[in-house]
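Welcome! Then we can walk through some of its details together.

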Amino acid sequence: MLDFAAIDFETANNYRGSACSVGVVVVRGGEITQKMYELIRPRPNFYSWFNTRIHGLATEDTDDAPEFPEVWGSIAPLIEGLPMVAHNSPFDKGCLEAVFALYEMAWPGYVFHCTCRAARRAFPALPNHKLGTVAAHIGFDLFDHHHALADAEACAAIAMRIL
């Protein structure tokens, strides 16, 4: 696969539609052509301590951030016609579907591929297939795990290697 968009969401709480940040890496012709990171004011606008502990974001980080429709308005043209790639794609696709539903936006039918599933097939001997483990295995330095752009970059590197 030479053309795709790698995507990663972080959520504010246990509701999948509570996206608070998104990272997108656009790959065309097997080369990274664009990267985008945006904070999102989540709905509902509260953070669980568990989620904040994982990604470090809290209410004060996103109080002045745009809501999802505005953020997606700038992402959608970049990824138009591209398949989406995510590590553990059921989570990220679920976030995207939930936030589309929350804002009553028409679902455009994005097609998702999962680098976690692909890594299980490509590297069955790894002790696990978490993003950091697979990234390290292919020689990618995931320096800021759980930052949406860093995770999307790792996912793109994995996809370019095995998809």
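How far is the sulfur of Cys 20 from the closest cysteine sulfur, and in which residue is that sulfur found? The closest one belongs to Cys 95, and it is 9.4 Å away, which is too far for a bond. Please keep in mind as you read that this is a predicted model.

A disulfide needs two cysteine sulfur atoms within 2.5 Å. Cys 20 does not meet that condition because its sulfur is 9.4 Å from the one in Cys 95. Cys 20 is also buried, with a relative accessible area of 0%. For the structure as a whole, the number of disulfides is zero.

**Salt bridges**

The structure has four salt bridges. Three of them are set out here, with the distance from nitrogen to oxygen.

| Acidic residue | Basic residue | Distance, N to O |
| Glu 153 | Lys 35 | 2.8 Å |
| Glu 67 | Arg 43 | 3.9 Å |
| Glu 97 | Lys 93 | 3.8 Å |

Start with the salt bridge between the side chains of Glu 153 and Lys 35. Glu 153 sits in helix α7 (residues 148-162) and Lys 35 in strand β3 (residues 31-39), so this pair ties together parts that are 118 residues apart in sequence. Is Glu 153 buried or exposed? Glu 153 is buried, at a relative accessible area of 12%.

The next pair in the table joins the side chains of Glu 67 and Arg 43. Here Glu 67 belongs to the loop between α2 and α3, while Arg 43 belongs to the loop between β3 and α1 (49-55), so the pair ties together parts that are 24 residues apart in sequence. Glu 67 is partly exposed at 26% relative accessibility, and Arg 43 is partly exposed too, with a relative accessible area of 35%.

Glu 97 has a relative accessible area of 35% and is partly exposed. Lys 93 is partly exposed at 29% relative accessibility.

**A patch of negative charge**

Which residues form a negative surface patch? They are Glu 60, Asp 61, Asp 63 and Asp 64. Asp 64 is located in the loop between α2 (59-62) and α3 (68-79). With a relative accessible area of 78%, Asp 64 is exposed.

**Backbone details to look for**

A cis peptide bond connects Arg 43 to Pro 44, with omega at about -5°. Pro 44 is part of the loop between β3 and α1.

Glu 104 is not a glycine, yet its phi is positive, at about 55°. Glu 104 lies in the loop between α4 and β5 (112-114), and it is exposed at 75% relative accessibility. His 146 is not a glycine either, and its phi is also positive, at about 80°. You can find His 146 in the loop between α6 (131-137) and α7. His 146 is partly exposed, with a relative accessible area of 29%.

**Apart in sequence**

Finally, have a look at Ile 54, which is located in helix α1. Ile 54 is partly exposed, with a relative accessible area of 35%. How many residues separate Ile 54 and Thr 11 in sequence? The two are 43 residues apart along the sequence, and in space they are 9.9 Å apart from C-alpha to C-alpha.

Notes: Residues are numbered from 1 along each chain as its sequence is written. This is a predicted model: local features need pLDDT of at least 70, side-chain atom pairs count only at pLDDT 80 or more; totals for chains, interfaces and linings use all residues. Side-chain values use heavy atoms; hydrogens and water are left out. Buried means under 20% relative accessible area, exposed over 50%, partly exposed in between (1.4 Å probe, protein chains only). Patches are made of residues with over 30% relative accessible area and no salt bridge: like charges are joined within 9 Å, nonpolar side chains (Val, Leu, Ile, Met, Phe, Trp, Tyr) within 5 Å. Accessible areas come from the Shrake-Rupley method with a 1.4 Å probe; for residues, only the protein chains shown count as cover. Lys and Arg count as positive and Asp and Glu as negative; His and the chain ends are not counted. The place of a charge is taken as NZ of Lys, CZ of Arg, CG of Asp or CD of Glu. Helices (H or I, at least four residues) and strands (E, at least two) are DSSP runs, numbered from the N terminus.
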